[in-house]
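This briefing goes through one protein chain, from its overall fold down to single residues. Please look at the sequence and the model first, then read the points beside them.

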Amino acid sequence: MSHYRMPILEETGYAVLDSHGRVMDQAEWMTLEYVDWKSSGDTRFAPIASAQGQIECNGFWHAKPPKADKDGVWIPSQVDRAPTLVERAREASANIGRCRVIELQPNSYADALYNSHLDDNNRLNPEGEGWVVRCFMQLSDNPDSYMILREDIDDPSTETRIALPAGAQLIVDSERMWHSVWHQGVDPRYCLITSYESGPELEKWLWELNPVNRVESAPIDDEYAAASEVEAQTRRSGRTEFYGYDPTDVRSEA
Ligand SMILES: [Fe+2]
(Lines give C-alpha, C1' and ligand atoms only; values in the text may rest on other atoms or scores of the structure.)
Protein backbone atom coordinates (compact mmCIF):
# COMPACT_ATOMS: atom_id res chain seq x y z
CA MET A 1 0.00 0.00 0.00
CA SER A 2 1.23 3.48 -0.66
CA HIS A 3 0.04 6.95 0.30
CA TYR A 4 -3.02 8.55 -1.23
CA ARG A 5 -1.90 11.21 -3.73
CA MET A 6 -4.17 13.74 -5.40
CA PRO A 7 -4.54 13.34 -9.18
CA ILE A 8 -4.34 17.13 -9.70
CA LEU A 9 -0.63 17.05 -8.70
CA GLU A 10 0.28 13.91 -10.61
CA GLU A 11 1.46 15.49 -13.84
CA THR A 12 3.38 18.59 -12.75
CA GLY A 13 3.68 18.42 -8.95
CA TYR A 14 1.98 21.78 -8.42
CA ALA A 15 -1.30 23.62 -8.90
CA VAL A 16 -1.90 27.36 -8.89
CA LEU A 17 -5.16 28.35 -7.19
CA ASP A 18 -7.39 31.39 -7.51
CA SER A 19 -5.89 34.35 -5.74
CA HIS A 20 -7.16 35.05 -2.23
CA GLY A 21 -9.65 37.85 -2.73
CA ARG A 22 -9.63 39.62 0.63
CA VAL A 23 -7.21 42.28 1.83
CA MET A 24 -5.10 41.03 4.71
CA ASP A 25 -3.91 43.16 7.62
CA GLN A 26 -0.13 43.05 7.60
CA ALA A 27 -0.10 43.69 11.35
CA GLU A 28 -0.96 39.99 11.68
CA TRP A 29 2.33 38.75 10.23
CA MET A 30 4.41 41.68 11.47
CA THR A 31 3.48 41.13 15.13
CA LEU A 32 4.02 37.36 15.18
CA GLU A 33 6.97 35.98 17.13
CA TYR A 34 9.73 34.85 14.75
CA VAL A 35 12.56 32.42 15.39
CA ASP A 36 15.78 32.15 13.41
CA TRP A 37 15.68 28.99 11.38
CA LYS A 38 17.99 28.36 8.51
CA SER A 39 16.04 27.22 5.49
CA SER A 40 16.66 28.29 1.94
CA GLY A 41 18.44 31.63 2.12
CA ASP A 42 18.23 34.39 4.68
CA THR A 43 15.04 33.45 6.49
CA ARG A 44 13.14 33.56 9.76
CA PHE A 45 9.98 31.65 10.61
CA ALA A 46 6.97 32.38 12.80
CA PRO A 47 5.38 29.04 13.69
CA ILE A 48 1.61 29.17 14.19
CA ALA A 49 1.06 25.41 14.55
CA SER A 50 3.87 23.12 15.69
CA ALA A 51 4.25 19.54 16.92
CA GLN A 52 3.25 20.34 20.50
CA GLY A 53 2.10 23.95 20.45
CA GLN A 54 5.51 25.43 21.34
CA ILE A 55 7.19 28.25 19.43
CA GLU A 56 9.70 26.13 17.55
CA CYS A 57 10.21 24.91 13.99
CA ASN A 58 11.53 21.38 14.41
CA GLY A 59 10.30 18.58 12.21
CA PHE A 60 7.49 16.72 13.99
CA TRP A 61 9.63 13.57 14.09
CA HIS A 62 11.75 15.27 16.76
CA ALA A 63 8.73 15.56 19.07
CA LYS A 64 8.31 13.20 21.99
CA PRO A 65 6.65 11.01 20.95
CA PRO A 66 7.67 11.55 17.31
CA LYS A 67 4.83 12.14 14.86
CA ALA A 68 4.15 12.66 11.16
CA ASP A 69 3.68 16.18 9.76
CA LYS A 70 -0.01 16.14 10.70
CA ASP A 71 -2.15 17.04 13.71
CA GLY A 72 -0.25 20.28 14.29
CA VAL A 73 -1.06 22.02 17.57
CA TRP A 74 -2.02 25.70 17.35
CA ILE A 75 0.19 28.00 19.40
CA PRO A 76 -2.20 30.18 21.48
CA SER A 77 -0.04 33.34 21.60
CA GLN A 78 0.49 33.25 17.83
CA VAL A 79 -3.16 32.50 17.08
CA ASP A 80 -4.10 35.59 19.14
CA ARG A 81 -1.83 37.71 16.97
CA ALA A 82 -2.86 36.30 13.62
CA PRO A 83 -6.47 35.04 13.76
CA THR A 84 -7.11 35.68 10.06
CA LEU A 85 -4.05 33.68 9.01
CA VAL A 86 -5.32 30.76 11.07
CA GLU A 87 -8.74 31.15 9.50
CA ARG A 88 -7.15 31.03 6.05
CA ALA A 89 -5.12 27.94 6.80
CA ARG A 90 -8.26 26.28 8.10
CA GLU A 91 -10.38 27.18 5.07
CA ALA A 92 -9.43 23.74 3.84
CA SER A 93 -10.81 21.33 6.41
CA ALA A 94 -7.89 18.95 5.74
CA ASN A 95 -5.51 17.77 8.46
CA ILE A 96 -2.81 20.42 9.08
CA GLY A 97 0.73 19.72 10.24
CA ARG A 98 3.22 22.55 10.26
CA CYS A 99 1.78 26.02 9.72
CA ARG A 100 4.12 28.99 9.74
CA VAL A 101 4.94 32.34 8.19
CA ILE A 102 8.29 32.59 6.42
CA GLU A 103 10.18 35.86 6.17
CA LEU A 104 12.68 35.92 3.30
CA GLN A 105 15.17 38.69 2.59
CA PRO A 106 15.73 39.83 -1.02
CA ASN A 107 18.01 37.60 -3.08
CA SER A 108 19.08 36.88 -6.65
CA TYR A 109 17.93 34.22 -9.11
CA ALA A 110 21.28 32.47 -8.62
CA ASP A 111 20.74 32.51 -4.83
CA ALA A 112 17.32 30.94 -5.32
CA LEU A 113 18.75 28.16 -7.50
CA TYR A 114 21.57 27.63 -5.02
CA ASN A 115 19.05 27.31 -2.17
CA SER A 116 16.54 25.15 -4.02
CA HIS A 117 15.70 22.00 -2.06
CA LEU A 118 13.20 19.22 -1.38
CA ASP A 119 11.07 19.15 1.77
CA ASP A 120 10.69 16.28 4.18
CA ASN A 121 6.91 16.13 4.45
CA ASN A 122 6.16 12.45 4.85
CA ARG A 123 8.58 11.06 7.38
CA LEU A 124 6.60 8.76 9.73
CA ASN A 125 3.48 9.24 7.60
CA PRO A 126 1.79 5.80 7.71
CA GLU A 127 1.24 4.04 4.39
CA GLY A 128 -2.38 4.19 3.31
CA GLU A 129 -2.84 7.72 4.65
CA GLY A 130 -2.72 10.91 2.58
CA TRP A 131 0.57 12.22 1.14
CA VAL A 132 1.50 15.49 2.86
CA VAL A 133 1.89 18.48 0.51
CA ARG A 134 2.48 22.18 1.10
CA CYS A 135 0.36 25.21 0.42
CA PHE A 136 2.03 28.57 -0.11
CA MET A 137 -0.17 31.61 0.50
CA GLN A 138 1.61 34.81 -0.45
CA LEU A 139 1.06 37.62 2.08
CA SER A 140 3.28 40.56 1.05
CA ASP A 141 2.77 41.98 -2.43
CA ASN A 142 5.79 40.88 -4.50
CA PRO A 143 4.65 40.69 -8.13
CA ASP A 144 8.30 40.75 -9.32
CA SER A 145 9.30 37.81 -7.13
CA TYR A 146 8.86 34.20 -8.23
CA MET A 147 8.40 30.75 -6.82
CA ILE A 148 10.96 28.72 -8.75
CA LEU A 149 9.90 25.10 -9.21
CA ARG A 150 11.96 22.41 -10.93
CA GLU A 151 11.27 18.75 -11.43
CA ASP A 152 15.05 18.28 -11.88
CA ILE A 153 17.32 20.81 -10.19
CA ASP A 154 20.00 20.26 -12.85
CA ASP A 155 17.64 20.84 -15.78
CA PRO A 156 16.46 24.44 -16.34
CA SER A 157 13.96 23.24 -18.96
CA THR A 158 11.91 21.69 -16.12
CA GLU A 159 11.50 25.08 -14.44
CA THR A 160 8.29 27.00 -13.78
CA ARG A 161 8.41 30.57 -12.39
CA ILE A 162 5.25 31.72 -10.66
CA ALA A 163 4.78 35.41 -9.76
CA LEU A 164 3.92 36.25 -6.16
CA PRO A 165 1.58 39.23 -5.86
CA ALA A 166 -0.34 39.46 -2.57
CA GLY A 167 -2.96 36.72 -2.44
CA ALA A 168 -1.19 34.29 -4.82
CA GLN A 169 -1.72 30.72 -3.62
CA LEU A 170 -0.34 27.45 -4.80
CA ILE A 171 -0.17 23.87 -3.67
CA VAL A 172 3.06 21.96 -4.24
CA ASP A 173 4.26 18.42 -3.72
CA SER A 174 7.41 19.94 -2.25
CA GLU A 175 8.96 16.56 -1.48
CA ARG A 176 9.01 15.92 -5.24
CA MET A 177 9.50 19.40 -6.69
CA TRP A 178 12.68 21.38 -6.09
CA HIS A 179 11.60 24.79 -4.86
CA SER A 180 12.81 28.17 -3.65
CA VAL A 181 11.85 31.81 -4.08
CA TRP A 182 13.65 34.48 -6.07
CA HIS A 183 12.67 37.59 -4.15
CA GLN A 184 13.38 40.89 -5.86
CA GLY A 185 12.77 43.96 -3.78
CA VAL A 186 13.95 45.91 -0.80
CA ASP A 187 11.73 44.64 2.01
CA PRO A 188 11.35 41.03 3.15
CA ARG A 189 8.78 38.72 1.61
CA TYR A 190 6.15 37.06 3.81
CA CYS A 191 4.27 33.88 3.01
CA LEU A 192 2.03 31.50 4.96
CA ILE A 193 3.17 27.90 4.49
CA THR A 194 0.95 25.04 5.61
CA SER A 195 1.39 21.25 5.44
CA TYR A 196 -1.85 19.53 4.45
CA GLU A 197 -2.73 15.88 4.21
CA SER A 198 -3.98 14.88 0.74
CA GLY A 199 -7.53 13.59 0.74
CA PRO A 200 -11.11 14.45 -0.14
CA GLU A 201 -11.25 17.47 2.19
CA LEU A 202 -8.21 19.08 0.58
CA GLU A 203 -9.40 18.19 -2.92
CA LYS A 204 -12.82 19.74 -2.29
CA TRP A 205 -11.16 22.99 -1.25
CA LEU A 206 -8.76 22.93 -4.21
CA TRP A 207 -11.53 22.40 -6.72
CA GLU A 208 -13.40 25.41 -5.35
CA LEU A 209 -10.30 27.49 -6.23
CA ASN A 210 -9.98 26.41 -9.87
CA PRO A 211 -6.58 24.67 -9.69
CA VAL A 212 -4.34 25.00 -12.76
CA ASN A 213 -1.52 22.49 -12.92
CA ARG A 214 0.43 23.99 -15.82
CA VAL A 215 1.05 27.71 -16.07
CA GLU A 216 3.20 29.81 -18.35
CA SER A 217 6.51 30.70 -16.69
CA ALA A 218 7.12 34.38 -15.94
CA PRO A 219 9.61 35.75 -18.49
CA ILE A 220 13.31 35.98 -17.67
CA ASP A 221 16.23 37.50 -19.56
CA ASP A 222 18.07 34.66 -21.33
CA GLU A 223 21.57 35.93 -20.63
CA TYR A 224 20.83 36.62 -16.97
CA ALA A 225 19.29 33.16 -16.63
CA ALA A 226 22.29 31.45 -18.23
CA ALA A 227 24.83 33.35 -16.11
CA SER A 228 22.80 32.67 -12.94
CA GLU A 229 22.60 28.97 -13.83
CA VAL A 230 26.38 28.72 -14.09
CA GLU A 231 26.88 30.65 -10.85
CA ALA A 232 24.34 28.57 -8.94
CA GLN A 233 25.57 25.21 -10.24
CA THR A 234 29.18 26.16 -9.49
CA ARG A 235 28.20 27.10 -5.93
CA ARG A 236 26.10 23.94 -5.58
CA SER A 237 28.99 21.75 -6.77
CA GLY A 238 31.39 23.51 -4.39
CA ARG A 239 29.03 22.83 -1.51
CA THR A 240 28.63 19.17 -2.50
CA GLU A 241 32.40 18.82 -2.64
CA PHE A 242 32.75 20.46 0.76
CA TYR A 243 30.23 18.18 2.46
CA GLY A 244 30.92 15.08 0.42
CA TYR A 245 27.22 14.97 -0.53
CA ASP A 246 24.54 17.41 -1.66
CA PRO A 247 22.89 18.65 1.54
CA THR A 248 19.83 19.89 -0.36
CA ASP A 249 19.19 16.30 -1.44
CA VAL A 250 18.66 15.46 2.20
CA ARG A 251 15.14 16.73 2.55
CA SER A 252 14.86 19.99 4.38
CA GLU A 253 13.43 19.97 7.86
CA ALA A 254 11.91 23.36 7.18
FE1 LIG B 1 10.89 23.97 1.38
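Residues 24 or more positions apart make up 80% of the contacts in the chain with a separation of 6 or more; two residues are in contact if their C-beta atoms, placed from the backbone, lie within 7 Å. The model is a predicted one, in which local features need pLDDT of at least 70 and side-chain atom pairs count only at pLDDT 80 or more, while totals for chains, interfaces and linings use all residues. Residues are numbered from 1 along each chain as its sequence is written.

**Overall form**

- The secondary structure amounts to six helices and eleven strands. Helices (H or I, at least four residues) and strands (E, at least two) are DSSP runs, numbered from the N terminus.
- A compact globule of 254 residues would have a radius of gyration near 18 Å, and the 17 Å of this chain agrees with that. The radius is taken over C-alpha atoms, and the globule rule is 2.2 Å times the number of residues to the power 0.38.
- Along its principal axes, the C-alpha trace spans about 45 × 40 × 35 Å.
- Of the 254 residues, 44% count as buried. A residue is buried if 20 or more other C-beta atoms lie within 10 Å of its own, exposed if 12 or fewer, and partly exposed in between, with C-beta atoms placed from the backbone.

- Strand 3 covers residues 43–50, and seven of its eight residues are buried.
- Strands of a sheet pair through backbone hydrogen bonds, either parallel or antiparallel. Two strands are counted as a pair here if DSSP finds at least two bridges between them.
- Strand 2 (residues 35–36) runs antiparallel to strand 3 and is joined to it by two bridges. V35 stands opposite F45 of strand 3.
- Strand 4 (residues 73–74) also pairs with strand 3 in the antiparallel sense, over two bridges. The bridge partner of S50 in strand 4 is V73.
- Strand 5 (residues 96–104) is joined to strand 3 by six bridges, and the two run antiparallel. Here P47 has R100 of strand 5 as its bridge partner.

- Strand 11 (residues 189–197) is largely enclosed by the rest of the structure, because nine of its nine residues are buried.
- R189, C191, I193, S195 and E197 point one way from strand 11, while Y190, L192, T194 and Y196 point the other way; all are buried.
- Strand 5 pairs with strand 11 in the antiparallel sense over seven bridges. L104 has R189 of strand 11 as its bridge partner.
- Strand 6 (residues 132–138) is joined to strand 11 by seven bridges, again antiparallel. C135 has T194 of strand 11 as its bridge partner.
- The largest nonpolar core has 61 residues, and C191 is one of those with the most contacts inside it, along with I48, V101, M147, L170 and I171. Such a core is a set of buried Ala, Val, Leu, Ile, Met, Phe, Trp, Tyr and Cys residues joined through C-beta atoms within 7 Å.
- Leaving aside neighbours within four places in sequence, C191 is in contact with V101, I102, F136, M137, Q138 and L139.

**The open sheet 8-7-10**

- Three strands form an open sheet in the order 8-7-10, with antiparallel pairing.
- Strand 8 (159–164) and strand 10 (178–182) each have a single partner strand, so one side of each is left without a neighbour in the sheet.
- Strand 7 (residues 142–150) pairs with strand 8 over six bridges in the antiparallel sense. N142 stands opposite L164 of strand 8.

**Two residues in their surroundings**

- A166 is found in the loop between strand 8 and strand 9 (169–172). A166 counts as partly exposed because it has 17 C-beta neighbours inside 10 Å.
- A166 and N142 are 24 residues apart in sequence and 6.6 Å apart in space, C-alpha to C-alpha. Not counting residues up to four places away in sequence, A166 touches Q138, L139, S140 and D141.
- V16 lies in strand 1 (residues 14–17). V16 counts as buried because it has 21 C-beta neighbours inside 10 Å.
- V16 and I171 are 155 residues apart in sequence and 6.5 Å apart in space, C-alpha to C-alpha. Leaving aside neighbours within four places in sequence, V16 is in contact with I162, L170, V212 and V215.
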